[in-house]
Each structure stands twice: as C-alpha cells, then as structure tokens.
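Me: I have a new model open and would like to talk it through. Could you walk me around it?

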Amino acid sequence: MRSWKWRILLSAGCLAGAILIQSEVPGRESSVPAPKPTPAVVANLAPFPVHVMVQAPSGDTVLKATFPPRAMATLMLGETCRMGVGLDRLGASGTSPQLEKIITPGSLAILHVEGQPEKPTPRMAVVTPHSDPSILAQLLNAAISEVGQEGVTQPLFGGYTSLGVVWDPQVRPQKLLVPIKILVDDEEPAAQRVWEARLRARVAAVNDILGRFCPIQLEVAAAETWRSDNKLASLENGYQQFVTAVDPLPGTLAIGFASQWADQKQPATLGTCAGPFSRHILLREHGPAITETERVEMLLHELGHVFGAVHIADSDSLMRPKLENRRARDRQFLLGFDPVNTLVMNLVTSELLQKKIRWEDFSHSTRESLLFCYRALVAAQESDETSTLLIERLEHVSQQQAPVVANAEPSQAVEDKHPGGVRELSGQQVLTPSGEDMVRPALPTKPARETRPSGESATSQATARSEAQSTPKSLPAGREAMEGVGEESDTAPTSPKGSANLVPPPIRADDSLAAARWVIQAVVAEWDATAVQVSGPRPIGDGVMEALVRKTAEVAQRIPGQSTTQRSAFLKALGVLVDDSTFVREQPGLGAVWAKLETDAERQRRLARIPPPTIEGRHDWAQHFGVSAALTDLLGAGPARSLGLAKEWRDAQGDSGFSFTDLAADYAGVAFAEAVQSGRISMSEVAENFTLRAYVPPLSGYEEGIPFPRMIREYGGFFGERTRAITREIEAAIRSLPAYKNTP
C-alpha cells in the first residue's frame, strides 16, 4: 500500500497555491442576498428503481426523477427541502409518495431496503454532519450486502451512475474550470499531434463523467513533454521527479502520462498524486493490455483524490483501492463515484467556488461535513489510512482555527495570502499569469434580468449573433450535466415560455451552412429542459435525444424559402448538436465545415446548456446517428456509410475494437437523412412525433469490441461474408422500423 503521509502534508502547501475568481450569485430579489449553495446527495442503493421528488419551501420543484439502482444526484441547495420517494411514479396523477423526509444542505440521503429477500421493505435514511457516523457506516455495510441478495436484486452491471448536478432555483449554477497541462515523457513513441489528440479526447471523456457527479470541468491549457529519468524503477519514484521537473503553468494542475514503465508486469501502481489539492498527477500510459476505458478510470480516480475523495472498499466505486481488477474492461460497467465520495468532492468544490482556498478557509460546517464522511468510512472499515490522516488534519485545523480567519470575507483572504490577482478584461474576470493560480469558476459575468417561474425557459428575440443564454429556474428530472453557463447580451431581452421564438436573419436560399449555423444557435438559446420526457427506468439521455431532434426540426422550419434548405440545415445542425467529440473536427475538409457551423466558444456554451443525448443510454450511439445524418447531407449516403465502416475498421486495430452496434447507429442515421432529404418523412412529422423507437433499431443486440485478429479470423475482415451478412441484417432491421413501414 502506498504511503500517503508525506503526500497529505504536502497537500497543505498545495492548497495554499490556489486562486479563485468570485462571480456574484443573485438572489430572487435584488435586495435579498442569495444563499450559499451547499451540496447534498441523493443515492438509490435499493435493487429496484424509485421515483424521487424534491421540493423547495416555496413549492418550486428542485428535482423530479426516476432513479435506477446505483444511481444518484447531487443537489446544490440553498435551504432545507422536502423529499418524497415512491415506487409508483410521482406525477400529476396525484400519487402520494411512500416515504417522505427532510433533506438539508450538506446531507446524504440513501434509499435502501430491509427485511427478507422475498419481501424487501424500502427505507430512506437522511444523515447529516450532526448524525452519528456509525449510522452511515451501518447503511454502507448493509447496502453492500443487499446487492448480493437473491430474489431482490435485478441484474446489475456494476458501478455507479449520476443523473447530474441539480441547482436550487434560488441560486445560479456554477462550474469550476480547472486549467491543466498535459504531458508525456520522452519515452512516448507517437508524434505530438497523435498523442495530444489522444489525450485531449481522454480529457473530454473524463469531463463527461466527472461533470455528472460534480460541477468541475478540466480545460487543457498546454501540451508538453518532460524528460523522465531512466534510472527510476517505479512510478512512485517517477512521481517525485515529475513534481520537481514540471511546472504546471500555464495550467494549475499538471497531468503526466508516462511510458517509462510500460514493460512492468501487473499488479503495479497505475497512477499517483499527492492527495487533496495536489498540483501534479502521474499515470502509466502504456502497459500490459491497458485499455482506453481503464486509462479514463485511472485519471478519474486520481482526480477524485485531488478533490478530497478517499479509497473505499466498494468494488463498484471509482475510488476502490485496486483498479487492477480490470472491472472497467466490461463495457457495461458504469464508471462512477460512490455516494460518500461524491458528497466529499462536492463539499470541497462548493468551497473552492467561494474562494475558500485552504483547509483553514473552509467554513466550519463544511469541515464538519467532511469529518463526518471520513469518520463514517473509518467506522465502516471501508477506507484505508487516507481517511484517518485527513481526519487528523481537519481536526488539527479546527483546533487551531482563528475566528478572524474563519469569518474573513473570501475576497479578503485571497488578497492577504496571494501575490497573484484578478484583472478586468472586456467585462470579464481573468486570472493573472501567476504561479499560484489553481482553479477558477466558470460563471456568467452578468446576472439574469429576471427570475422565471418554475418550468419556464429563456428565449430571445435577438438574432443569432446576439442570442441570450440563460438557465431555467426549475431543472428537470434526472437532467445530466445540469450546470448552465452562459453570457447574456446587453440588448437581448428574455421572454417567458410561449412568447415569440427567435426569428432567423436574412439568409440566402442556397446558403444551407448559414441556415444550419442559425438553427444551432437558436436551439441552444431556446433549449427547454422541461420538454425532456422520460418514463420508467428509461435513460434520461434518450429523452434528451428525442427532444433535441424535435426541437431542431421545429426551428429549421422557420427558415424562409425552399424546403430543401430547411432539410439540409436541419441535418447539418443535428450532427453538430449531438457531437462533443473531436473526430469530425480533425478530418480534412469536414473539420472546416464544422468550424463554420459552430465556434469553439459556442460549442462550450452548447455543451454546458444541453445535457448529453443518448440512445439506449449510450452517448456515442447518439453521436453516430446524428453525425451520420449530417454526413449524408454533406457527402451523400454512400460516402457516409463508407466513413462509418472505415472508422470501425480503424477502431478494430485499436483498443475499442470493431463495433456492429456503432455501425447500426451510423446506418440508422443515414436512412433517417435519406428519408428527410427525399420528403418521405416531413419536417413537421419529425418536429411533432420523433421517437427513437420509430427510427433506430435495438442496438444492444449487435456485437461490439471485436479485436482486429478476431475480426479477420471469424468475420473475414472488412469485406468478409459474415460482415456483409450482419450489415444486411442491420439494413433490414432499419427498413422494418415503424417510421419506414408506411413510406414509399
């Protein structure tokens, strides 16, 4: 086991190196200061889905969602709320919740079962920092044992998932941006353009998962190489050299991917850092059959340590001590943090967003909440010595805490302790190039002009170049990546739902690129999260996908002129709106088209505002469908299919393998685009009635992850008879879909 003593002591110094930028958080009335958002976590550890509704004292709905087993949500609360839980859906039908509790900021609500396996009884416990840590310890131990009970547990694929970060209607959503420097050592065999693209894609994958559990986003500020010492025998020794040799600037966190120990046999250390608020992470980039998913898992694990998470003896958690058990290799294993560490990371992040940059600056309530979590893990024998050391550190801080520091304004604490500062640039707060910068919150620089009633969305009558982007007051059930960030125009008025929609500016009839660009901007500006409809255990992202396709078609119909322009703009816009990867952007020719449709800044606003769409819970399948539809409009159906096959052939030679599921999603997108282009499916039909069931065949039945040697041996390669047979089967399944049965 690695020694953490020196790392935790080092962290005390690392934490003092952080500078944060404060953005005002408006209250519901200008004269009333908004409460500080404090996290609470709701987790379903019962072996069946439950339906949860959380309401503020004002009656506003904070959360209404169906929680599948092993799912959770982070609530950023400004006040105590009421929570109802039922096995029957909570909705307008008036169904009463079976369980009701009060949930307070800083608490952890756990849904679990008691009793005999054949007749389980649902229970809900809400623990707070004032509770006995042994109560939480008992709940954790009981939940782990309940997962294995026969007759109770549905088939679980393992891991945890999160429905997102949900913000109290009283406070504005915030996100912590962490500038990072990515580095490889001099043993990396690939050229920089190759390894940099690979690592940037990995950071994007990490952001997708991390952002659902905690409002944190990594930003790549630089990509460099460092010289590793060939004499060092282990990653642990290499970490000390990495810390000495590498300055995180211009980032605030340096992440090194080392090829130095690629030939070490497992078990071996896969990654390391210095604990909470470390400014360096070192990971093994190559090794015996390490997959890309495992590399993502390693980075998430170490980032968890940076933001306060500790090891837990829960084999489903990202924070389990031994990642070498290779569970991430199972495509159905969900990469996620356990509920206790999720609360810990959000408690730390909430303080960082308030410019609280040292343990000494953290509020008393946050320190008590952290101590409660760590003590509970120790009591449950769920953690290693890390929790004990952090308890000692926090108790020492509490004993030595001077009231004048504890009660100081965050801005004053920063001015007193750091030579770096903040300067004004074009109305925005920007970090100065100081070596002590660590993280900064990504927030709108101007407050919203009004507070809207629950369920209303922001729209704007401005043109595409000045559209406003604001966050609805009420957030929907189970919305993923709920952190809204944006900037409101000086001149763009907002209007409640039901008023005039965005009106397109003059666009030439033959300029489908300009039309598609406007459609993208209008969809982002008018995105109404309450339009997402999900019933039962169906993934939230599937509802997002359906709402996104319908909204895009509805907006495209506003473009005056020929219907062919509307259809072309719709298909191009859909491809961009579902895409958060860099694959198309890096393709010659296609990348230039994507850049014309959406700038990098616009892309960031879109990703912050619209949750990731999915098909059968898979975001990558939604991307395959939408991007293939756009490529069909740009290149034609034949080239679009060929690109899909070529990409799978390339994947077969890498970690992910050949995927017939991805290919089926590609072909479904091509068929959809052909039907729209020809007019067999009208734009109004798509805008009113689009569902995934009608346009996408069941994808999970096809095989994926087929390695290259097996693809050659069993399928005959790219043009093998078995490959062609499965391709014909996919095409037949698409032709038999409800949307195409009655079309000529």
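What follows is a chat about this predicted model.

Me: What are we looking at, and how is it numbered?
Reply: This is a predicted model, so local features need pLDDT of at least 70 and side-chain atom pairs count only at pLDDT 80 or more, while totals for chains, interfaces and linings use all residues. Residues are numbered from 1 along each chain as its sequence is written, and side-chain values use heavy atoms, with hydrogens and water left out.

Me: How many helices and strands does the protein chain have?
Reply: The protein chain has 23 helices and 19 strands. Both are DSSP runs numbered from the N terminus: helices are H or I with at least four residues, strands are E with at least two.

Me: And how much of the chain is buried?
Reply: Buried residues are 57% of the 744 in the protein chain. Buried means under 20% relative accessible area, exposed means over 50%, and partly exposed is in between, using a 1.4 Å probe and protein chains only.

Me: What about the accessible surface?
Reply: For the protein chain it comes to about 28,700 Å², with 52% belonging to carbon and sulfur atoms. The areas come from the Shrake-Rupley method with a 1.4 Å probe; for residues, only the protein chains shown count as cover.

Me: Of the contacts between residues at least 6 apart, what share joins residues at least 24 apart?
Reply: In the protein chain that share is 75%. A contact here means heavy atoms within 4.5 Å.

Me: OK, aromatics. How many pairs are there?
Reply: The structure has 14 aromatic pairs. Rings of Phe, Tyr and Trp (its six-membered ring) pair if their centres lie within 6.5 Å; planes under 30 degrees apart are stacked, over 60 edge-to-face, and the rest tilted.

Me: Why is Phe277 with Trp359 called edge-to-face?
Reply: Because their planes are at 80°, with the ring centres 5.9 Å apart. This pair links distant parts of the chain, 82 residues apart: Phe277 is in the loop between β13 (271-273) and β14 (280-284), and Trp359 is in the loop between α6 (339-352) and α7 (364-379). Phe277 is buried at 1% relative accessible area, and Trp359 is buried at 2%.

Me: What sort of pair do Phe570 and Phe672 form?
Reply: Phe570 and Phe672 are edge-to-face, 6.0 Å centre to centre with 75° between the planes. They link distant parts of the chain, with Phe570 in helix α13 (residues 563-577) and Phe672 in helix α18 (residues 660-678), 102 residues apart. Phe570 and Phe672 are both buried. They also belong to one aromatic cluster with Phe625, Phe690, Tyr695 and Tyr740.

Me: Which side of α4 do its buried residues sit on, one or several?
Reply: In helix α4 (residues 235-245) the buried residues are Leu235, Gly238, Tyr239 and Phe242. They cover an arc of only 110° around the axis, so they are on the same side of α4. The arc is that of the directions from the helix axis to the C-beta atoms. An α-helix has 3.6 residues a turn, so residues three or four places apart point the same way.

Me: Switching to Asp338: buried or exposed?
Reply: Asp338 counts as buried, at 1% relative accessibility. Asp338 is in the loop between α5 (292-306) and α6.

Me: What does the Asp338 side chain join up with?
Reply: The side chains of Asp338 and Ser317 make a polar contact of 2.6 Å. A polar contact is a pair of N or O atoms within 3.5 Å; within protein, one must be able to donate a hydrogen and the other to accept it, and residues adjacent in sequence count only if both atoms are side-chain atoms. A polar atom of the Asp338 side chain also lies 3.3 Å from the backbone nitrogen of Val340. Leaving aside neighbours within four places in sequence, Asp338 is in contact with residues including Met72, Tyr160 and Ile312.

Me: And where is Gln623?
Reply: Gln623 is in helix α16 (residues 619-635) and counts as buried at 12% relative accessibility. The Gln623 and Asp580 side chains are joined by a polar contact of 2.8 Å.

Me: Last one: what is the peptide bond from Leu249 to Pro250 like?
Reply: That bond is cis, with omega near 5°. Pro250 lies in the loop between α4 and β12 (253-258).
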